[in-house]
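I opened a new notebook page for this model.

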Amino acid sequence: MSIKPRSKEPKTPLEENNMFRGLKRAPHNLIEALRRVQARYGYLPPEGIKQAAEYVGVPFSQAYSVATFYHQYSLEPVGKYRILVCMGTACHLRGNDLNFEFLRMLLGLKEGQKTTKDGLFSLEVARCFGCCGLAPVVVIEKPDGTRQIIGNANARVLRAAIIKYRRQEAGGNE
Ligand code: FES
């Protein structure tokens, strides 16, 4: 089964107008404009960043800097399940880099590749989620908008989570 990433190419000015409807054209609305672009396309394509920048009246370079700073924005199409591996200090010290590498291998991702070929999973590094007492933490954003927070993450529980979601997508039970 092949699942397409949640992404579409930006198309017409009409879409742009709908996307930013009700949003005041002001630089302080840049973050909201980018959020709407990502909600529309599933990620931030260069054309979408340009649309947001032009709409709120800031240079493309500024919009691009903001888009690359916050982990909630993605410059590539993301998978149906977005796996965020915290690399904050506590999580890093407790071995989340090993968890990241384990997930990369498990998902069959090459170095630098973010999303699986079937579009089901994407793997990303994230900043602190604010629950450092659970370190190392991995968060899985699900297609229904909910999140699974995995504390004390290790290879065993991460493998079980991936298997569970693969089974669900294949129509099986958990
Ligand atoms: S450092 Fe990972 S949740 Fe804070």
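I count two residues as in contact if their C-beta atoms, placed from the backbone, lie within 7 Å. The model is predicted: local features need pLDDT of at least 70, side-chain atom pairs count only at pLDDT 80 or more, and totals for chains, interfaces and linings use all residues. Residues are numbered from 1 along each chain as its sequence is written.

Entry 1, V85. I listed its contacts, leaving out residues up to four places away in sequence. V85 touches N96, N99, F100, L103, V125, A126 and V138.

Entry 2, strands. I took strands (E, at least two residues) and helices (H or I, at least four) as DSSP runs, numbered from the N terminus. Strands pair if DSSP finds at least two bridges between them. β1 runs parallel to β2, joined by six bridges. With β3 (residues 138-141), β1 pairs antiparallel over four bridges. There V85 stands opposite V138.

Six of the six residues of β1 are buried. Y81, I83 and V85 point one way, R82, L84 and C86 the other.

A nonpolar core is a set of buried Ala, Val, Leu, Ile, Met, Phe, Trp, Tyr and Cys residues joined through C-beta atoms within 7 Å. The largest has 18 residues; I83, V85, L103, F121, V137 and V138 touch the most other members. β1 (81-86), α6 and β2 (121-126) each supply at least two residues. β1 gives the most, five. A second, separate core of 16 residues includes L30, A53, Y55 and A67.

Technical notes:
Buried ≥ 20, exposed ≤ 12 C-beta atoms within 10 Å, placed from the backbone.
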